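Subject: Structure for your review

Dear colleague,

Please find below the structure that I am handing over to you, followed by an account of what was found in it.

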Amino acid sequence: MRSLFRLTRRQASTTGSFVSTSGTIALTTIRSQAGTLQSRMAQEPLEEYKAGGYHSVKIGDRFQSRYSIIEKLGWGMYSTVWLALDSA
Amino acid sequence: MGHVFHRLARAGLCVNSTSGYALFDDRDEFFCSTNSRVALKILVAKYSADLEEAAKLEAIRDCNPHHPGHARVGQLLDYFEHQGPHGTHTCLVLELLGPSVHLLQHATAAHSPFLPMEVVKQISRDMLIAIDYMHTSCRLIHTGKSINIFQ
């Protein structure tokens with residue numbers, strides 16, 4: 001998907017036709033779309049935060065003294081996925 | 001426009017992480033300049049002993065880095081175990097991916113219900129090259145719901 005990312009970025013910066021020509025509108029639209037998509041899917045079942053289940057993660061948590069949690073990206077029945085900053 | 005279309009990110013792979021995500025905010029400069037954002041996938045404790053996923057991801061990373069499909073697959077960067085109150089969790093550090101097709105389509109739906117042909121062609125090409133790598137080099141097939149790749 002990285003090639004797609006490059007392509008859309010290039011299109012956005014050269015033609016301006018792929019996203020709104022108004023930065024504010026594009027930003028708001030895409031953010032609300034993302035919100036709609038996310039809210040349509042239920043979040044991970046909280047009762048699975050138990051022994052054998054999900055690990056409780058807080059924003060700002062650090063793993064291996066190296067990966068700092070920025071925010072949640074997604075989840076499945078077998079995992080949660082987090083955006084992290086790698087300081088190494 | 002360069003300042004508008006800052007960042008679209010999605011993380012995860014297969015059935016375990018299907019949520020798309022888009023972010024466009026002031027922190028982007030910070031994130032982009034470091035080039036060190038990753039997706040940290042934390043498995044539930046009861047399935048963490050099964051390292052099959054990590055093993056497959058390692059195979060995908062190592063079996064032929066010269067194949068053009070190698071760069072078109074989200075790669076494993078690191079993995080480790082984390083001890084928590086709920087048990088031992090396998091943590092997979094993965095490349096952060098771009099937006100899903102599903103999210104991209106939603107994000108641009110106000111302008112056109114269809115993605116531009118150039119984008120569709122690029123996605124199709126990239127996917128076929130990636131699948132060829134998985135099949136011919138890694139000898140792996142995807143047995144899940146194929147719709148997942150678009151979510």
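R61(B) and E58(B) form a salt bridge in which the closest N and O atoms are 3.5 Å apart; a salt bridge here is a side-chain nitrogen of Lys or Arg within 4 Å of a carboxyl oxygen of Asp or Glu. Both residues belong to helix α2 of chain B and are three residues apart, about one turn of the helix. Helices (H or I, at least four residues) and strands (E, at least two) are DSSP runs, numbered from the N terminus. R61(B) is partly exposed, with a relative accessible area of 25%, and E58(B) is partly exposed as well, at 27%. The terms are set as follows: buried is under 20% relative accessible area, exposed is over 50%, and partly exposed is in between (1.4 Å probe, protein chains only). D62(B) joins E58(B) and R61(B) in a network of salt bridges.

This is a predicted model, in which local features need pLDDT of at least 70 and side-chain atom pairs count only at pLDDT 80 or more, while totals for chains, interfaces and linings use all residues. Residues are numbered from 1 along each chain as its sequence is written, chains are lettered from A and ligands numbered from 1 in the order in which they are written, and side-chain values use heavy atoms, with hydrogens and water left out.

Over all chains, the count of salt bridges comes to eight. Another one in helix α2 of chain B pairs E52(B) with K56(B) (2.5 Å, N to O), and these two residues are four residues apart. E52(B) is partly exposed at 44% relative accessibility, as is K56(B) at 33%. In chain A, R66(A) pairs with D86(A), with the closest N and O atoms 2.8 Å apart. This pair links distant parts of the chain, since R66(A) lies in the loop between β1 (62-63) and β2 whereas D86(A) lies in strand β3, 20 residues apart. R66(A) is partly exposed, at 28%, but D86(A) counts as buried, at 13%.

R61(B) also takes part in a further contact: its backbone oxygen lies 2.7 Å from a polar atom of the H70(B) side chain. H70(B) is found in the loop between α2 and β4 (76-84) of chain B and is buried, with a relative accessible area of 14%. Not counting residues up to four places away in sequence, H70(B) touches I60(B), R61(B), N64(B), P65(B), Q75(B) and Y133(B), where contact means heavy atoms within 4.5 Å.

Finally, chain A has two helices and three strands, which run α-α-β-β-β from the N terminus on. Of its 88 residues, 47% count as buried.

With kind regards

Conventions. Polar contact = N/O pair within 3.5 Å; in protein donor to acceptor, adjacent residues only side chain to side chain.
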